Amino acid sequence: MEIIIEKLKPNRLRDFKKLVSEIFNERHRLWIFSALGFTKTYVARNVEHDDFVGFIQFFLSNIDEVKIGAIYYIGVKRKYQGIGVGRSLVRKAEEHFLENNAYIAAASTTSNNIKARLFFKKLGFKEYRWYELYDMFGMQFSNKLIRILRAYEDDVFLIKFFKSLKHTLI
Ligand SMILES: CC(C)(COP(=O)(O)OP(=O)(O)OC[C@H]1O[C@@H](n2cnc3c(N)ncnc32)[C@H](O)[C@@H]1OP(=O)(O)O)[C@@H](O)C(=O)NCCC(=O)NCCS
């Protein structure tokens, strides 16, 4: 089975919506569709069936002089989970973050999403609760990060460090 990661093309929006509907509920779908304008959206496509099996949305943002790579949403169809599709999608985002000199990659989720938490940890992300973020980054930086990620309903933050932030913070 050949699965490739590629940029979502405007003429495949209908297929993208179908994919997202198979993975996420109505509320998340709205967030995902409205993020098409400000995120880079990549899909995993099963070449044989010309079928989308997963996607990732990510973008770069700045907190003062610190460049942040934000992973907004990632999802893989249940049938295709556990075979490395999610890992390849995150790799694509990380390539973009590193090419653009990001200091960290950041994502968020809810504590009950055990699958996502294990997944990100396996990929080298460390997990923080909001009070641990505050301890590590300070309140101002943390609040900005939460705003960037639109993580108002999430309680788990996943961070991967590419460079040390010691000399850039505060
Ligand atoms: C989280 C998600 C994207 C993972 O995608 P995936 O394609 O199944 O992940 P991969 O197969 O690339 O797994 C990468 C690593 O994570 C680990 N992992 C993935 N799912 C796991 C699970 N359910 N339990 C334990 N470890 C898991 C794998 O062991 C793998 O490590 P390995 O290669 O050393 O074995 C997928 O489960 C999903 O779409 N979930 C629903 C949507 C969601 O919750 N998204 C996240 C919030 S936006």
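This is a predicted model: local features need pLDDT of at least 70, side-chain atom pairs count only at pLDDT 80 or more; totals for chains, interfaces and linings use all residues.
1. The pairing of strand 2 (residues 40-46) with strand 3 (residues 51-63) is antiparallel and made of 7 bridges. These two strands form a hairpin with 4 residues between them, where Asp50 takes a positive phi near 50°.

2. Moving along the sheet, strand 3 also pairs with strand 4, again in the antiparallel sense, over 10 bridges. Within this pairing, Phe55 has Gly75 of strand 4 as its bridge partner. The hairpin of strand 3 and strand 4 has 2 residues between the strands, and Asp64 in the turn has a positive phi of about 50°.

3. Now for the ligand. There are 19 residues around the ligand, and those that come nearest are Gln81, Gly86, Arg87, Ala116 and Lys122. Two or more residues of the shell come from each of strand 4 (66-76), helix 3 (85-99) and helix 4 (114-122). Helix 4 gives the most, with 5 residues.

4. Last, a look at Pro10, which sits in the loop between strand 1 (3-7) and helix 1 (13-23). Is Pro10 buried or exposed? Pro10 is exposed, because 7 other C-beta atoms lie within 10 Å, and 12 or fewer counts as exposed. From Pro10 to Leu158 the separation is 148 residues in sequence and 30 Å in space, C-alpha to C-alpha.

Terms used. Residues are numbered from 1 along each chain as its sequence is written. A residue is near a molecule or strand if its C-beta atom, placed from the backbone, lies within 6 Å of it. A residue is buried if 20 or more other C-beta atoms lie within 10 Å of its own, exposed if 12 or fewer, and partly exposed in between; C-beta atoms are placed from the backbone. Two strands pair if DSSP finds at least two bridges between them.
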